[in-house]
Amino acid sequence: LAEKPEEVADGDVAYWIGGIHAMLGDKPQALAWFRRTIVLGNHNYPWFARDQNWIKLRGDRDYERMLAEVRKYAEAYREEFGASSF
């Protein structure tokens, strides 16, 4: 398992590792992994918005900013490709 976000090339793996850090209350690591998730193109906003593994970060300004960024990607994809709504 990678020790640093930049060592991971899979957006799902980055998100899962971030979720572990979020559950443990390790905000800096959780956010670093979430950033890597976004960079790698994992923009699954509907899932991210309801994932209970991240509940400790709900309401956190930095986390909410990143979640809003992902929502913009999801909205753009929906507009371009006609994907189902969320």
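At 25% relative accessibility, Glu-69 counts as partly exposed, a class lying between buried (under 20% relative accessible area) and exposed (over 50%), with a 1.4 Å probe and protein chains only. This is a predicted model, in which local features need pLDDT of at least 70 and side-chain atom pairs count only at pLDDT 80 or more, while totals for chains, interfaces and linings use all residues. Residues are numbered from 1 along each chain as its sequence is written, and side-chain values use heavy atoms, with hydrogens and water left out.

Glu-69 forms a salt bridge with Arg-35, with 3.0 Å between the closest N and O atoms; the term requires a side-chain nitrogen of Lys or Arg within 4 Å of a carboxyl oxygen of Asp or Glu. The pair links distant parts of the chain, since Arg-35 is in helix 2 and Glu-69 in helix 4, 34 residues apart. Helices are DSSP runs (H or I, at least four residues), numbered from the N terminus. Arg-35 is also partly exposed, with a relative accessible area of 32%.

## Other salt bridges

The whole structure contains six salt bridges. One of them joins Asp-60 and Lys-27, whose closest N and O atoms are 2.7 Å apart. This pair too links distant parts of the chain: Asp-60 is in the loop between helix 3 (45–50) and helix 4 (61–81), Lys-27 is in helix 2, and 33 residues separate them. Asp-60 is buried, at 18% relative accessible area, whereas Lys-27 is partly exposed at 31%. Both residues belong to a network of salt bridges that also includes Arg-61, Asp-62 and Arg-65.

Within helix 4, Arg-71 and Glu-75 are four residues apart, about one turn of the helix. Their side chains meet in a salt bridge, at 2.8 Å from N to O. Arg-71 is partly exposed at 34% relative accessibility, and Glu-75 is partly exposed at 29%.

## Helix 2

Helix 2 has 13 residues and spans 18 Å from its first C-alpha to its last, close to the 18 Å expected at 1.5 Å a residue. The expected span is 1.5 Å times one less than the number of residues.

The buried residues of helix 2 are Ala-30, Leu-31, Trp-33, Phe-34, Thr-37 and Ile-38. Seen down the helix axis, they fall within an arc of 165°, so they line one face of the helix; the arc is that of the directions from the axis to the C-beta atoms. Pro-28 and Val-39, on the other side of helix 2, are exposed.

## Aromatic pairs

Eight aromatic pairs are present in the structure. Rings of Phe, Tyr and Trp (its six-membered ring) pair if their centres lie within 6.5 Å; planes under 30 degrees apart count as stacked, over 60 as edge-to-face and the rest as tilted. The ring centres of Tyr-15 and Phe-34 are 6.2 Å apart with planes at 55°, so this pair is tilted. Tyr-15 is in helix 1 and Phe-34 in helix 2 (residues 27–39), 19 residues apart, and the pair links distant parts of the chain.

Tyr-15 and Phe-34 are both buried.

## Nonpolar surface patch

Ile-20, Met-23 and Leu-24 form a nonpolar patch on the surface, with about 310 Å² of accessible area together. Patches are made of residues with over 30% relative accessible area and no salt bridge, joined within 9 Å for like charges and within 5 Å for nonpolar side chains (Val, Leu, Ile, Met, Phe, Trp, Tyr). Areas come from the Shrake-Rupley method with a 1.4 Å probe; for residues, only the protein chains shown count as cover. Met-23 lies in helix 1 (residues 11–24) and is partly exposed, with a relative accessible area of 41%.

Technical notes: Helices (H or I, at least four residues) and strands (E, at least two) are DSSP runs, numbered from the N terminus.
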